[in-house]
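Please view the sequence and the model together while reading.

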Amino acid sequence: MQKYIIERDIPKVGTFEREQLRDASKASNAVLAELGPDIQWVESFVTDDKTFCVYLAKDEAIIQRHAKISGFPATKITQVKRLFDPTTAHASA
């Protein structure tokens, strides 16, 4: 599976209460269960008017399908090509 970052435009999502986020999570999880093992939600980061969600998926099409069924917009989907972090500075060449 490939890793994707999904940018979702959701006005005022940063003001959502914990219960609203819990309900959104339940709705998303229900769709994920319906779609099967070819898509997994890893985590999401919430800003004022957007969420940035990390997913593992077989392809972009299943992410679009999740967005359509769940009603959560997938404004932009970007496939992650590589990862680096502070420990990369210590990696051998």
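Eight bridges join E1 to E3, and these two strands run antiparallel. Two strands are said to pair if DSSP finds at least two bridges between them. The names follow DSSP runs, numbered from the N terminus: helices are H or I runs of at least four residues, and strands are E runs of at least two. The model is a predicted one, in which local features need pLDDT of at least 70 and side-chain atom pairs count only at pLDDT 80 or more, while totals for chains, interfaces and linings use all residues. Residues are numbered from 1 along each chain as its sequence is written, and side-chain values use heavy atoms, with hydrogens and water left out.

Is threonine 51 buried or exposed? Threonine 51 is buried, with a relative accessible area of 8%; buried means under 20% relative accessible area, exposed over 50%, and partly exposed in between, with a 1.4 Å probe and protein chains only. Leaving aside residues up to four places away in sequence, threonine 51 touches Ile6, Glu7, Arg8, Ile10, Val13, Phe45 and Val46, where contact means heavy atoms within 4.5 Å.

Strand E3 also pairs with E2, in the antiparallel sense and over seven bridges. In this pairing, tryptophan 41 has tyrosine 55 of E3 as its bridge partner. E2 and E3 form a hairpin, with three residues between them. Strand E1 (residues 2-9) is in turn joined to E4 by four bridges, and these strands run antiparallel. There, glutamine 79 in E4 is the bridge partner of tyrosine 4.

Taken together, four strands form an open sheet in the order E2-E3-E1-E4, with antiparallel pairing. Its edge strands are E2 (39-46) and E4 (76-79), each of which pairs on one side only. From one strand to the next, the twist averages 20 degrees; axes are lines fitted to C-alpha atoms, for helices over the stretch in contact, and angles run from 0 to 180 degrees between N-to-C directions.

The helices can now be placed against this sheet. H1 lies across E2 and strand E3 (50-57), running at about 160 degrees to E2. H2 lies across E1, E2, E3 and E4, and runs at about 35 degrees to E1.

How do the two helices meet? The axes of H1 (residues 18-35) and H2 (residues 60-70) come within 10 Å and cross at roughly 130 degrees. That makes H1 oblique to H2: angles under 35 degrees count as roughly parallel, over 145 as roughly antiparallel, 65 to 115 as roughly perpendicular and the rest as oblique. In H1, Ser28, Val31, Leu32, Glu34 and Leu35 meet Ile62, Arg65, His66, Ile69 and Ser70 of H2. By class, this contact has five nonpolar, three polar and two charged residues; Ala, Val, Leu, Ile, Met, Phe, Trp, Tyr, Cys and Pro count as nonpolar, Asp, Glu, Lys and Arg as charged, and the others, Gly among them, as polar.

Buried residues make up 26% of its 93 residues. Among contacts between residues at least 6 apart in sequence, 72% join residues at least 24 apart.
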